[in-house]
Amino acid sequence: MTADSAPGGTPVDRPRGTIDGGDPSQYVRERSADGRRDVSYPPAPEPLAVPVYDNHTHLEIEDGETGLSLDEQLERAVAVGVHGVVQAGGDVDSSRWSAWAAATHPRVLAAVAIHPNEAPVYERAGELDAALAVIDELAAQPRVRAIGETGLDFFRTEADGIPAQHRSFEAHIDLAKKHGIAMQIHDRDAHEAVLETLQRVGAPERTVFHCFSGDAEMARIADDCGYYLSFAGNVTFKNAQNLRDALKVISRDRILVETDAPFLTPTPYRGRPNAPYLIPVTLRFLAAELEVDVDELAAQVAANTLVVYGSFDA
């Protein structure tokens, strides 16, 4: 993701090519505090009785008054019943970091990809094919369990960048099929085009709409196609009735939960740093909307996550 294309509209400062000496562990991005009134981390919620997983997060991005290390993030998450995370890449460097994090931390699995807003950047530099080759190589690692986040974004990319997005998206679909792993879709203002592409090209067996942003009608289509919908903290926002409507029509065995950290912090902490340890806030909100027991929903969501990505212990 470029500085102007981060989810939630908040810039991320990250110069390209910051992996020092080929060591992915040294790669760090920082989220800007500009325009944010409170950059302290929210208090830890009451722990879940039934453990779950964060389906999509960006822990290479430091946020808050003092950034949390990967180990600190995972420790906080485990303490409240979040027993694993799927760390998602969006360019070559963050994908390499994601693969490193998964290979060295048993509570992390990785997703690797070129974000749709990055695809035109690589294309203009003549580097898209080379970047896709890196993603192909990373996807062969045993703890890389998804291609993502990939897809289409018609909100931030100008018209001349759309062809590169389409080419990149279709290449990522092929990679997910080649490696037999899941795919995480980024879809912003591009619902019809994303669905059309999946229908025309053929979706991977396990296809996830990360941070689902559609409505009930789209949720029904996704359900019919066997896609998974992952709900982030924005489902708690007042203006997100479309997401709550979608939640109520999707099959329970197709629901996932995520943070998209450090973005999309759930109410009542909107605007503050997000992290996997806040998953219980969103999960309890989902359970209340569905009028089901929190433990029951947690067990279902955890099972769904393992179906999509496989065991964290393997």
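Colleague: How many helices and strands does the secondary structure of the protein come to?

Modeller: This is a predicted model, in which local features need pLDDT of at least 70, side-chain atom pairs count only at pLDDT 80 or more, and totals for chains, interfaces and linings use all residues. Residues are numbered from 1 along each chain as its sequence is written, and side-chain values use heavy atoms, with hydrogens and water left out. Helices (H or I, at least four residues) and strands (E, at least two) are DSSP runs, numbered from the N terminus. The protein has 10 helices and 11 strands.

Colleague: Why is the protein said to be as compact as a globular protein of that length?

Modeller: The radius of gyration is taken over C-alpha atoms, and the globule rule is 2.2 Å times the number of residues to the power 0.38. For 314 residues the rule gives 20 Å, and the protein is as compact as a globular protein of that length because its radius of gyration is close to that, at 18 Å.

Colleague: Is Ser230 buried or exposed?

Modeller: Ser230 belongs to strand S10, residues 228-231. Buried means under 20% relative accessible area, exposed over 50%, and partly exposed in between (1.4 Å probe, protein chains only). The relative accessibility of Ser230 is 0%, so Ser230 counts as buried.

Colleague: Which residues is Ser230 in contact with, leaving aside its neighbours within four places in sequence?

Modeller: Contact means heavy atoms within 4.5 Å. With those neighbours within four places set aside, the contacts of Ser230 are Asn55, Val208, Phe209, His210, Cys211, Phe212, Leu256, Val257 and Glu258.
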